[in-house]
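Here are my notes for your first read-through. Keep the structure open and check each point as you go.

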Amino acid sequence: MLNQFSRTQLLFGAEGMERLKQKKVAVFGIGGVGGYAVEAMVRSGIEDFVLVDDDKVCLTNLNRQIIATRKTIGKYKTDVMRDRILEINPNAKVELRQCFFLPENADEFDFSEYDYVIDAVDTVTAKLEIIMRAKEAGVPVISSMGAGNKLDPTKFQVADIYKTTMCPLAKVMRRECKKRGIKKLKVVYSTEPVTRPLDDMSISCRTHCVCPPGAKHKCTERRDIPGSTAFVPSVAGLIVAGEVIKDLAFERK
């Protein structure tokens with residue numbers, strides 16, 4: 001029967017589509033990368049999501065985040081993403097966890113419930129905890145490396161963390177994963193050299209903070225505020241989603 005996923009089924013087959021429908025994916029970080037990853041997954045037939053983020057849509061998110069519009073500024077990203085998911089597929093199930101995932105609250109999450117985990121957060125501490133918890137639960141996990149301060153979306157690659165080059169975040173993650181005995185980790189990373197953002201205080205969040213009222217984590221707290229574009233984080237998110245979708249639909253290990 002013709003349905004909204006018929007074009008995808010021409011490639012994945014009925015069994016692949018049924019597998020996607022039954023899978024539960026947890027996405028940590030609903031920003032430039034995570035938002036596009038969720039978008040692609042729901043449009044591909046995945047119907048069960050756990051969205052983890054405590055941030056609100058900000059004016060400066062409009063340049064790159066699929067959930068960011070003038071109407072959504074000030075709203076929780078998880079709320080906006082849930083509404084978007086349900087507009088695409090009303091049958092989807094969406095669990096919201098409005099918090100920043102940290103070692104301090106990690107015990108509140110049961111990773112054994114998930115069929116796949118996407119790490120699309122910014123901080124090394126949170127990334128490592130997500131990866132460790134997923135590995136301990138025997139759940140596949142894919143981690144997004146740095147997408148800020150980049151201009152060339154064609155430089156993204158999928159690789160094991162220990163085979164990455166150039167990316168400063170991947171360098172830190174390689175070291176920390178090795179310390180923790182993590183033997184392998186699928187990541188999406190860029191081989192493009194980092195472009196140093198302009199030091200322009202007239203447009204800096206440090207002196208002109210526009211974070212929504214009540215935001216728990218403001219840009220002024222960040223050590224560095226990266227530059228970003230519409231066409232780099234989005235590509236990273238779509239690559240992440242593609243790996244998850246193919247792994248689940250075709251039961252790739």
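1. First, a caution. This is a predicted model.

2. Start with strand S4, residues 116-119.

3. Now look at the neighbours of S4. Strand S1, residues 24-28, runs parallel to S4, and four bridges join the two. Strand S5, residues 141-144, also pairs with S4 in parallel, through three bridges. Val27 stands opposite Ile118, and in S5 the bridge partner of Ile118 is Ile142.

4. How does the chain get from S4 to S5? The path goes through helix H4, residues 124-137. This β-α-β crossover is right-handed.

5. Next, find Gly13. Gly13 sits in helix H1, residues 6-22. Its relative accessibility is 25%, so Gly13 counts as partly exposed; the buried class ends under 20% and the exposed class begins over 50%. Between the C-alpha atoms of Gly13 and Arg133 there are 32 Å. Along the chain, these two residues are 120 residues apart.

6. Finish at the surface. Which residues form a nonpolar patch there? Leu59, Leu62 and Ile73 do, and together they have about 200 Å² of accessible area. Take Leu59 from this patch. Leu59 lies in the loop between strand S2 (48-52) and helix H3 (77-88). With a relative accessible area of 37%, Leu59 is partly exposed.

Note on methods. Residues are numbered from 1 along each chain as its sequence is written. This is a predicted model: local features need pLDDT of at least 70, side-chain atom pairs count only at pLDDT 80 or more; totals for chains, interfaces and linings use all residues. Side-chain values use heavy atoms; hydrogens and water are left out. Buried means under 20% relative accessible area, exposed over 50%, partly exposed in between (1.4 Å probe, protein chains only). Two strands pair if DSSP finds at least two bridges between them. A crossover is right-handed if, with the strands pointing away from the viewer, the path from the first strand over the helix to the second runs clockwise. Patches are made of residues with over 30% relative accessible area and no salt bridge: like charges are joined within 9 Å, nonpolar side chains (Val, Leu, Ile, Met, Phe, Trp, Tyr) within 5 Å. Accessible areas come from the Shrake-Rupley method with a 1.4 Å probe; for residues, only the protein chains shown count as cover. A salt bridge is a side-chain nitrogen of Lys or Arg within 4 Å of a carboxyl oxygen of Asp or Glu.
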